[in-house]
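Let's take a walk through this fold. Have the sequence and the 3D view ready as you read.

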Amino acid sequence: MTQRHNNRSSNRSRSHNNNRGSSSRQNYGGGRRRHSAPQNRGGQRQSLNINTFINKAEAIQNTEEKIVPKHKFSDFAIHENLKRAIAARDFTSPTPIQDEAIPHILKGRDIVGIANTGTGKTAAFLIPLIDKILNNPDKRVLIVTPTRELANQIHNDVRKLTPQMGIYSVCCVGGASIGPQLRDLKRRHNFVIGTPGRLKDLIERGNLNLAKTSTIVLDEADRMLDMGFIHDMRYLVARMPEQRHTLFFSATLSKDIEKLVSDFLRDPVTVSVKTQDTSKNVDQDVIRVNGKNAKVDELHNLLLQPEFNKVLVFGRTKHGVEKLSVDLRKRGFKTASIHGNKSYNQRQSALGSFKEDRVRILIATDVASRGLDIPDVSHVINFDIPNTYDDYVHRIGRTGRWGKTGKALTFV
C-alpha cells in the first residue's frame, strides 16, 4: 500500500573508507572472491560470491515511475466499510502484488503470489478475504505462517483493517500459553492465524476443526518448506473441505514449491511481480574485517554514526546473538534481541521496543528475516554471513520498504 506521508530517505549513509586498525572496508566489485558460508539447513555447505552482497540502490523516483497501478483501492469491488477502513489508514494506491492479486481473489480463484519481500503480500490476501467475510459472516479462514512473529503481525493487521466490523481472529502459535488460545477458539471467530505445529496440536487435541474452514492461506510457503513443515502443511490441508479456496504466497518458486502448488491448488492464477532477488531500494556493500573482536569494534564504530538510526543486526546462532547484544549494551548501546531461546512474550516485547523506537538496535537470528514489517529500518547489518543466498535476500528485505531506500552491509 502507498502511504500519503512524505518518505524520508534513509539512504544517508556515508562511505567508510577509513581504516580502523585491523578492520577495513573493501569493495570487491571487480573480483570473483568467494566466502565459504556455514552449512545450510540441508547440511550442505554453500559458497557465496561476495559480489552478490554489493549492489547500488536505484533512485527512488526512477523506481516509482515504473510502477503504475491499474487500480485504486476505491476501484475494487469490496465492501464500503472495508474501503473506509483502508482510507482511514492513509492508503491510496495498491502495490503491484495487491493490484494484480486482489481482483483474482475476489473472484474466488486459487492464486500463487510470487513477490519480493516487503511488497505488501499480507494486504493482498487480507483485503479480499475480509470482504468475503463481510458478505458471508459465517465464513472461516485459516492463515498458516512459518513464524510466531509473522502470525502475530497478521493477527494485528486483521484488527487494524476491521474496526467495529464484528470480525475476530485468533492467533495460535507455539511458545505462547495455550490457555488463552483455547479460550479464544471457543468464541466466535472468522480467522485462525498460526504456525503449523501449534495448529496441528490444536486439531489433535480436538480444539480446532477445519471441516467448515473453506479458505486457507499458506504464507511464506518457501520458508515453511525450508523449516521442515511440509508434513504439517499437508496435514492441515487434508482436514479441510475438498472444495476450498487456496492462496499460496512465496518469495521463490522452486521445484519443491511447484510440487506443493500442484498438490494443493486447483487451476491457480500465478501472479508474479518479482523483478529481481533483492529490492532496488537497498544499497548493498561489504565491510572486510579480520577477527571477531575487530567485527565488534567495527560494528561499534558504525552504530555511533547518526545515520545508523534504526539498525537490524543479523547473527547466525542464538548464543552469538545474545552475546553480541550483551557486549553492545556494555558499550553503552540500547539493544534488544530475538532468537529461539527467547519466550514468545520476550520476542514480542523486543520487537515492539524496536518498532516503537524505544531501542534503535535489534539483534536477531533469521527468525526476524521473513515477513516482518518493521517501519523505517535504516540499515541491515549481516554480522555473520547468512547460510544461503535466499536468507540474505530476506534479511536485507527488512530495509528499503514502502518506496524508501535502505542500506545493507555484510561483514566478510
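## Before we start

This is a predicted model, where local features need pLDDT of at least 70, side-chain atom pairs count only at pLDDT 80 or more, and totals for chains, interfaces and linings use all residues. Residues are numbered from 1 along each chain as its sequence is written, and side-chain values use heavy atoms, with hydrogens and water left out.

Helices (H or I, at least four residues) and strands (E, at least two) are DSSP runs, numbered from the N terminus. Two strands pair if DSSP finds at least two bridges between them.

## The seven-strand sheet

Look for an open sheet of 7 strands in the order β5-β6-β4-β7-β8-β3-β9, with parallel pairing. At its edges sit β5 (169-172) and β9 (269-272), each pairing on one side only.

Inside that order, β4 (residues 141-144) and β7 (residues 215-218) pair in the parallel sense over 4 bridges. Val-141 stands opposite Thr-215 in β7.

## Around strand β13

Strand β13 (residues 361-364) has Ile-361 and Ile-363 pointing one way and Leu-362 and Ala-364 the other, and all are buried (under 20% relative accessible area, 1.4 Å probe, protein chains only). In general, side chains in a regular strand alternate between the two faces of the sheet.

Which strands run parallel to β13? Strand β11 (residues 311-314) is joined to β13 by 4 bridges, with Phe-314 opposite Ala-364. Strand β12 (residues 335-338) also pairs with β13 over 4 bridges in the parallel sense, and Thr-335 stands opposite Ile-361.

Terms used. Buried < 20%, exposed > 50% of the residue type's maximum accessible area, 1.4 Å probe, protein only.
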